[in-house]
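Morning, everyone. I'll take you through one structure today, helix by helix. Have a look at it first.

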Amino acid sequence: MIAAQAALETKMLLRNGEQLLLTVVIPALLLVLFSSVDIVDTGAGEAVDFLAPGILALAVMSTAFTGQAIATGFERRYGVLKRLASSPLPRWGLMTAKTLSVLVTEVLQVILLTAIALALGWHPHGNPFAVLLLLLLGTAAFSGLGLLMAGTLKAEATLAAANLVFLLLLVGGGVIVPLEKFGAAGQRVLGLLPISALSDGLRDVLQHGAGMPWGDLGVLAVWAVAGLAAAGRFFRWE
C-alpha cells in the first residue's frame, strides 16, 4: 500500500506543471544563468563549482519543503488527507509514502542538475557518502518543516508562506550569494539555517574536497529532529 501510494504521489507531482516549475525548471535556469553570466561574485575558481552544490541544496528545499508544504496544505483543505487517513493505509504509511515520493523526485532532480552542471564545466570531488548523508538530513529537515507548515496553517497561508520562504532562502541561504557578502554577524546567523548548512556542507565536500562536514550535519540533524517532532505533535489532518 505504501509503494502504491508513493507511486501515485510521484505521478501527481510530475504531472503538476507548477510543481515542475518549482522543482526542476527554476533550479535548472538559475544554474545555467548564474554559471554563464557574471552576475554574482562567487570568489576564485569557476562559478559553476560554487553554484552547483547550492543549486542541489535548493532543489532539495523546493521539493521537500516548498512543494510538499503546498501540496499537503491543499490536500488537507479539500479533505483528501482526512479520507486517506480513514483508509486501510495508516497515517504513518501515508507520511512514509509522501517521503518516498520526495526522495524519488530528488533523485531525478540530482541526476538532471548534475548533468547540466557537468556540461557547464563542473568538476565535483569529495566523499560521496558525505554528500548522501547531507542530502538525506536536508530532506528530513525540510520535510519536517514543510509538514509542520502544511498541518498548522490554512492552505492559502501555506502557499504564500512557503513561496516567501523559498525566495528569502534563495537569496540569503548561501545558494547563489556567498554568506560572506552579509557580513560577519549575518554570516553567523544565516549559517544556522538548514539551507545554509546544506549548501555549505555540499560545497565543502564537492568544491573543496573536505571530509565529513560535521558542523553542517549537526545543524541539519537539529532541524530534522525539531521539525519532524513538531510536525508529529501539531499536524492537523482536518
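This is a predicted model: local features need pLDDT of at least 70, side-chain atom pairs count only at pLDDT 80 or more; totals for chains, interfaces and linings use all residues.

What follows is a walk from the record's annotations to the helix contacts.

Start with the record. UniProt, in an unreviewed entry, places "domain: ABC transmembrane type-2" at residues 14–238. What does the chain look like over that stretch? Residues 14–238 are 77% helix and 0% strand. The end C-alpha atoms of that stretch are 26 Å apart.

Residues 129–150 are 100% helix and 0% strand. Their end C-alpha atoms lie 31 Å apart. Residues 217–235 are 95% helix and 0% strand. There the end C-alpha atoms are 26 Å apart.

First, α2 with α3. Helix α2 covers residues 17–36. Its axis and that of α3 come within 9 Å and cross at roughly 165°. An angle over 145 degrees counts as roughly antiparallel, so α2 is roughly antiparallel to α3. The crossing of α2 past α3 is right-handed. Which residues touch? On α2 they include Leu22, Pro27, Leu30 and Phe34. On α3 they include Leu51, Ile55, Leu58 and Gly67. By class, this contact has twelve nonpolar residues, seven polar and no charged.

Next, α3 with α5. Helix α3 runs over residues 47–77, and helix α5 over residues 91–119. Their axes come within 10 Å and cross at roughly 150°. Therefore α3 and α5 are roughly antiparallel to each other. The crossing is right-handed here too. From α3, the contact residues include Val48, Ile55, Gln68 and Glu75. From α5, they include Lys98, Glu106, Val110 and Leu113. How do the contact residues of α3 with α5 divide by class? Eleven are nonpolar, seven polar and three charged.

That leaves α2 with α5. The axes of α2 and α5 come within 10 Å and cross at roughly 20°. Under 35 degrees counts as roughly parallel, so α2 is roughly parallel to α5. The crossing of α2 and α5 is right-handed. On α2 the contact involves Thr23, Val24, Pro27, Ala28, Leu31 and Val32. On α5 it involves Gln109, Leu112, Leu113, Ile116 and Ala117. This contact of α2 with α5 has nine nonpolar residues, two polar and no charged.

Pro27 of α2 is in the contact with α3 and in the contact with α5. Ile55 of α3 is in the contact with α2 and in the contact with α5.

Last stop, the aromatic rings. How many aromatic pairs does the structure hold? Three. Let me show you one of them. Phe65 and Phe142 form a tilted pair. Their rings are 6.4 Å apart, centre to centre, with 55° between the planes. Where do they sit? Phe65 is in helix α3, and Phe142 is in helix α6, residues 128–152. They are 77 residues apart, and the pair links distant parts of the chain.

That's my tour. Over to you for questions.

Key: Residues are numbered from 1 along each chain as its sequence is written. Side-chain values use heavy atoms; hydrogens and water are left out. Helices (H or I, at least four residues) and strands (E, at least two) are DSSP runs, numbered from the N terminus. Axes are lines fitted to C-alpha atoms, for helices over the stretch in contact, and angles run from 0 to 180 degrees between N-to-C directions. Angles under 35 degrees count as roughly parallel, over 145 as roughly antiparallel, 65 to 115 as roughly perpendicular and the rest as oblique. A crossing is left-handed if the near helix is turned anticlockwise from the far one by less than a right angle, and right-handed if clockwise. Contact means heavy atoms within 4.5 Å. Ala, Val, Leu, Ile, Met, Phe, Trp, Tyr, Cys and Pro count as nonpolar, Asp, Glu, Lys and Arg as charged, and the others, Gly among them, as polar. UniProt positions are given in the numbering used here, feature names are shortened, and annotations may be inferred rather than shown by experiment. Rings of Phe, Tyr and Trp (its six-membered ring) pair if their centres lie within 6.5 Å; planes under 30 degrees apart count as stacked, over 60 as edge-to-face and the rest as tilted.
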